[in-house]
Amino acid sequence: MKPALPPVLRPAAFVLAVTGGLGALVLGLVYAGTSAPTGLDATLVHALAWSGDPWWTIATVIDFVGEPVGAIVTMVVFLGWCWFSRRPRTAVTGVVAALVTVGLTSGLKPLTGRYIHGEFLAYPSGHTGFAAALTFTAALGVLGGLRRFPASVVLVVAVFVAGAAMGWAQVTMGAHYPTDTLGGLGVALAVVPATALLIDEGATRSSNTA
């Protein structure tokens with residue numbers, strides 16, 4: 001049975017996990033209780049918030065992936081690919097990692113107490129976390145057969161491109177500050193490798209005791 005976390009990608013995945021977890025924690029502490037873009041956010045908002053079409057339309061389409069209906073559609077496509085490629089561990093990892101990531105980003109919002117537009121909790125971004133978590137999981141499944149260096153590079157690029165695309169959409173639509181999206185990405189980076197490892201270990205123990 002194909003592993004959810006291929007051995008060749010474990011070093012890169014765990015580096016991403018540690019980096020993402022620490023990054024999300026630091027950003028959460030720095031921006032807790034704030035309600036305006038300052039410092040890095042103030043600069044990035046002006047650089048990333050592209051107004052007018054076609055940018056608004058593109059941002060809306062990307063944002064749809066993280067909305068309830070869009071997330072269900074995306075998950076169905078992901079599970080269909082897992083079934084077709086016979087990757088049950090990847091399927092379970094994707095579902096669990098996405099749910100845990102969204103749950104954590106939702107639970108952390110009241111704790112950080114960061115607001116946007118004066119009334120909406122913003123840190124960390126659940127949309128960005130969901131997109132990054134599912135991309136991370138899928139990339140682990142796709143790249144496991146490659147050599148370590150190219151596989152690791154493509155993994156990092158794929159995850160950050162997904163996070164950057166959703167992050168840009170959130171900033172352009174005014175739903176989040178840039179650092180909110182970095183926080184959501186960090187949560188996903190921390191969750192996916194741990195989830196994949198647990199799924200692999202659980203499946204191995206079950207097969208050994210069967």
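**Buried charges and packed helices**

Analyst: In this predicted model, both Asp-180 and Arg-114 are buried.

User: How do you know that Asp-180 forms a salt bridge with Arg-114?

Analyst: The closest N and O atoms of Asp-180 and Arg-114 are 2.8 Å apart. The cut-off for a salt bridge is within 4 Å, and the pair therefore qualifies. The two residues come from distant parts of the chain: Asp-180 belongs to helix H8, Arg-114 to the loop between H5 and E1, and 66 residues separate them. Salt bridges that share partners join Asp-41, Arg-114 and Asp-180 into one network.

User: What makes the contact of Arg-114 and Asp-41 a salt bridge?

Analyst: Between the side chains of Arg-114 and Asp-41, the N to O distance is 2.7 Å. Because the limit is 4 Å, this pair also meets the definition. Asp-41 is in helix H2 (residues 40-48), whereas Arg-114 is in the loop between helix H5 (88-112) and strand E1 (115-116); the two are 73 residues apart. Both Arg-114 and Asp-41 are buried.

User: How many salt bridges does the structure hold?

Analyst: It holds three. One of them is formed by the side chains of Asp-200 and Arg-89, at 3.1 Å from N to O. Asp-200 lies in helix H8 (residues 178-209) and Arg-89 in helix H5, so this pair ties together parts that are 111 residues apart in sequence. Asp-200 and Arg-89 are both buried. In general, side chains of opposite charge can pair when their charged atoms come close.

User: Why are H6 and H7 called roughly antiparallel to each other?

Analyst: Helix H6 (residues 126-143) packs against H7 at an angle of about 160°, with the axes 9 Å apart. Angles over 145 degrees count as roughly antiparallel, and H6 and H7 therefore receive that description. Their crossing is right-handed. On the H6 side the contact includes His-127, Thr-128, Phe-136 and Leu-143; on the H7 side it includes Ala-151, Leu-155, Met-166 and Gln-170. By class, the residues of this contact divide into 12 nonpolar, six polar and no charged.

User: Is Thr-172 buried or exposed, and how do you know?

Analyst: The relative accessible area of Thr-172 is 10%. Buried means under 20%, and Thr-172 is therefore buried. Thr-172 lies in helix H7. Leaving aside residues up to four places away in sequence, Thr-172 touches Leu-48, Ala-49, Trp-50, Trp-56 and Ala-59.

Methods: Residues numbered from 1 in each chain as written. Predicted model: local features only at pLDDT ≥ 70, side-chain atom pairs only at ≥ 80, totals over all residues. Heavy atoms only, no water. Helix = DSSP H or I, 4+ residues; strand = E, 2+ residues; numbered from the N terminus. Buried < 20%, exposed > 50% of the residue type's maximum accessible area, 1.4 Å probe, protein only. Contact = heavy atoms within 4.5 Å. Axes fitted to C-alpha atoms, helices over the stretch in contact; angles between N-to-C directions. Parallel < 35°, antiparallel > 145°, perpendicular 65-115°, else oblique. Left-handed = near helix turned anticlockwise from the far one by under 90°. Nonpolar A, V, L, I, M, F, W, Y, C, P; charged D, E, K, R; others polar.
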